[in-house]
Amino acid sequence: MATQPGSVDGNWERPTAFYNRTTKYVVYALITGFVLYSFWNIRVSPDRFLRGLGGGVTLVSNMLPPAATPMQFDLMVQGIVESILMSIIATTLGIVVSAPVAFMAANNLAPRPIYLVGRSIIAVTRSFHELIVAIVMVKAVGFGPLAGVLALAFKTVGFFAKLLSEEIEDIDTGQMDAIEAVGGSRMQVYLYSVLPQIIPRIIGLSIYRLDINLRHSTVVGIVGAGGIGITLLNSFQKYDYQYSSLIILVIVGIVMIGEAASAYARRRVQ
Amino acid sequence: MASKSEFSGADSGAEWERFDTRQRLIRYFLTLGVLVILAAAWRSMDINYGYVASAPNEVMDLLTRMYPPNVIYTSEIVGPLLETINISILGTALAIVMALPVAFLSASNTTPNRWTYLFGKFIVSFTRSVNVIIWALIFVVLFGPGALAGVLAIAVRSVGFTAKLLGEAIEEIDRGPVEAISATGASTFQMFIYGIIPQIKPAFISVATFRWDINVRASTIIGFVGAGGIGVALQTNINYFKWDAVLTILIAILGIVLVSEGISAYLRGKVS
Amino acid sequence: MLHVKDVEKVYDSGDRALKGLSMDVSGNEIVSIIGPSGAGKSTLIRCINRLTEPTAGEIWLDDTEITGLSGSQLRETRRDMGMIHQEFNLVERLTVMENVLSGRLGYMSTWDAFRRNFDSEDIATAREVLRRVGLEGVENDRADELSGGQRQRVGIARAVIQRPKILLVDEPTSALDPETSVEVMDLLTEIAREDDIPVLINIHEVDLATEYADRVVGLSDGELVFEGAADELDERAQDIIYRGGESRAERDAAKAERTQHAGE
Ligand SMILES: Nc1ncnc2c1ncn2[C@@H]1O[C@H](COP(=O)(O)OP(=O)(O)OP(=O)(O)O)[C@@H](O)[C@H]1O
Ligand SMILES: [Mg+2]
């Protein structure tokens with residue numbers, strides 16, 4: 001198998017997703033540069049970093065074992081219960097409000113201007129982190145679980161209306177035509193053809209969202225919007241790290257149980 | 001089993017029913033149960049109805065006080081916004097670095113033994129179950145207020161998610177090509193570069209960009225507990241009731257979130 | 001050349017896939033291994049380059065005893081054995097060129113491999129090999145864009161560019177349609193002749209085995225039960241390999257009797 005050198009091209013370059021190699025390296029260099037710039041920009045001194053690591057050992061030893069006085073324990077239970085209740089109410093409220101938004105944002109049902117309004121509502125509610133919404137709600141309606149419920153419900157609207165509107169866009173329009181053909185009104189069309197098609201999905205999504213809201217309800221208290229979060233924040237501010245670690249463990253436990261229960265319930269529904 | 005409900009219509013003769021009696025009862029009680037729980041939940045929350053009644057007004061009032069946004073203030077938030085993006089990028093980068101070994105531990109086909117596997121799974125579920133703001137609280141205690149605590153909080157919170165998805169991608173690897181590469185006499189590391197990396201690269205890029213998108217949102221709020229970013233400015237302005245500046249910040253956040261979402265979706269679309 | 005002596009393989013599951021098997025391959029002969037499913041054909045091929053570790057016995061390639069080699073020695077010896085796989089085993093997301101050139105990895109430093117910095121002589125050879133297997137011009141296509149037949153040609157190119165002393169081939173055609181199978185077998189044997197190397201090939205179809213092989217080895221239940229020139233593989237020999245010595249006529253008769261009894 002003789003290959004004379006020079007008779008066949010000995011050069012080959014891997015085709016890249018970029019236009020050519022230079023562009024590729026420029027893009028890589030830009031990314032690297034930006035990361036380095038980011039690093040420089042937050043001004044981490046190695047000294048501070050090392051002290052933090054040392055502090056980690058102290059903190060962990062201060063956190064162990066997790067503990068609480070009987071009074072603190074009661075407070076924690078109250079907070080947890082409040083979080084769970086908040087998540088249930090917020091999920092329900094959010095779903096109720098999201099239904100009209102979902103129909104607005106379904107391009108096969110809504111006229112163009114309404115569709116755009118619906119989509120914007122979804123985009124805005126989805127873009128803000130639940131804690132941002134919560135901190136604003138606290139100022140609007142005062143400290144306490146109401147602010148948390150409103151914040152979680154607000155986030156639920158964005159999540160739910162988006163998925164639901166996609167679901168509506170996928171539905172079989174043949175059935176709608178059938179009902180309209182026998183003389184049904186628009187409302188009847190929604191009730192008898194659209195709703196039955198999407199109900200199983202709605203239940204599944206509700207359970208899923210309940211799980212998410214439960215997670216969030218444990219932290220919105222950090223900005224004063226009710227639930228266990230405020231108790232956790234206070235324990236940190238009082239350097240009562242044994243109590244903090246207990247609360248964190250309980251939160252982790254609740255979140256894990258919620259996740260498992262939600263997964264189980266969704267499997268049962270489908 | 002499945003045929004039971006299908007044929008139940010035969011018993012009820014000519015009358016058509018959507019559900020049989022037992023199913024109806026179950027549905028009825030489930031609905032009732034949900035309503036009872038809701039009512040009980042609402043009652044036991046001790047909500048001040050004065051607040052509830054005035055809530056719509058308060059929110060409207062807030063909105064009118066916000067509008068128009070404070071345009072001049074824009075120049076002051078450029079720095080915090082950049083810091084927010086920096087935190088999200090560094091946090092994601094650090095998360096990936098930490099997630100890679102965890103991913104290989106938590107993938108059943110690459111983990112050395114059962115204990116390492118369980119250890120990997122533990123890290124995955126623990127880091128995922130603690131909210132980013134709680135991680136931020138912890139890291140502020142350790143490293144003091146500032147962006148460093150934010151970067152670490154975001155990184156640690158993202159490890160589980162990233163490692164989980166990467167681990168799943170690793171578990172789906174086709175062994176055939178990997179074997180074929182080692183059969184040519186390649187070293188373990190070469191086998192890794194040619195056999196394994198190309199197979200997990202698409203998942204890697206989409207997980208990284210997806211997580212970055214999530215982290216941009218997260219890095220807007222860790223400032224509430226002092227961990228840097230735009231959240232610090234947002235909280236300050238809210239506390240001083242400077243609502244026009246608050247709206248400016250909210251618009252800016254909306255902007256970077258939408259842009260990062262677009263970039264992330266574009267990048268994920270490119271790899272396939 | 002290749003000398004297999006008393007090789008045994010007992011899998012962790014307890015399966016005794018090879019029960020002390022000996023055979024030789026030399027010169028530039030094409031030896032095909034036939035046998036029923038589960039006979040141990042794949043296990044034998046994979047023991048030779050130690051993708052599967054044999055549990056006992058010796059395997060010699062020229063003067064090297066393979067079963068005793070350490071990691072780096074094994075890698076060096078693997079460079080001399082080209083392998084072609086049933087499911088092609090290409091890295092789907094890499095280009096055809098990279099798949100072919102991965103046959104040279106054993107000769108490259110890790111750093112060069114990492115940077116995809118291939119020797120220009122290797123690149124030239126890769127183009128030449130691609131031409132020989134009839135795949136000119138597709139070097140920049142990704143492997144997952146090719147048809148089954150084309151993929152197996154890339155698989156052959158990857159083995160050939162190693163400049164191996166022997167080709168180990170495990171059912172190269174069972175994922176291909178009959179027409180493509182013949183093309184691939186033609187190509188494979190032609191290349192082996194040109195490069196003057198022996199081929200050890202597992203084949204399911206007896207027709208293909210007798211058509212292309214110089215010599216046939218019959219395996220049954222981990223044991224070598226037939227060895228001879230391709231034209232010696234008569235009806236009797238096939239009975240031994242596939243039906244444990246029972247002739248087809250005998251077996252049909254026995255079967256008929258059994259069903260008759262069952263019917264009563
Ligand atoms: N990885 C493995 N673990 C356990 N047992 C195995 C393994 N691979 C093969 N075996 C067993 O070893 C025996 C021989 O298998 P082998 O794959 O070598 O047969 P084969 O002749 O190639 O069959 P086929 O024609 O189906 O490819 C079979 O009984 C099989 O079940
Ligand atoms: Mg086989």
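So, how far apart do the C-alpha centres of domain 1 of chain A and domain 2 of chain A lie? They're 45 Å apart. Those domains are 1-44 for domain 1 and 69-269 for domain 2, with bounds from an automatic or database domain assignment.

Quick housekeeping. This is a predicted model, so local features need pLDDT of at least 70 and side-chain atom pairs count only at pLDDT 80 or more, while totals for chains, interfaces and linings use all residues. Residues are numbered from 1 along each chain as written, chains are lettered from A and ligands numbered from 1 in written order, and side-chain values use heavy atoms, without hydrogens and water.

Next, the surface. There's a nonpolar patch made of A:Phe34, A:Tyr37, A:Trp40, B:Val78 and B:Leu82, together about 450 Å² of accessible area. (Patch residues have over 30% relative accessible area and no salt bridge, with nonpolar side chains joined within 5 Å; areas are Shrake-Rupley with a 1.4 Å probe; a salt bridge is a Lys or Arg side-chain nitrogen within 4 Å of an Asp or Glu carboxyl oxygen.) α1 (21-41) of chain A and α4 (74-106) of chain B each supply at least two of the residues, and α1(A) gives the most, three. Helices here are DSSP runs, H or I, of at least four residues.

Finally, the inside. We get one cavity of 30 Å³ or more, meaning points on a 1 Å grid where a 1.4 Å probe fits but cannot get out. Lining residues, with an atom within 4 Å of a point, include B:Asn109, B:Arg175 and B:Ile196.

Note on methods
On a 1 Å grid over the protein atoms alone, a cavity is a set of points where a 1.4 Å probe fits but cannot get out, and a pocket is an open set with protein on both sides within 12 Å along at least five of seven lines; lining residues have an atom within 4 Å of a point. Grid points are joined across faces, edges and corners, and a volume is the space filled by probe spheres set on the points. Patches are made of residues with over 30% relative accessible area and no salt bridge: like charges are joined within 9 Å, nonpolar side chains (Val, Leu, Ile, Met, Phe, Trp, Tyr) within 5 Å.
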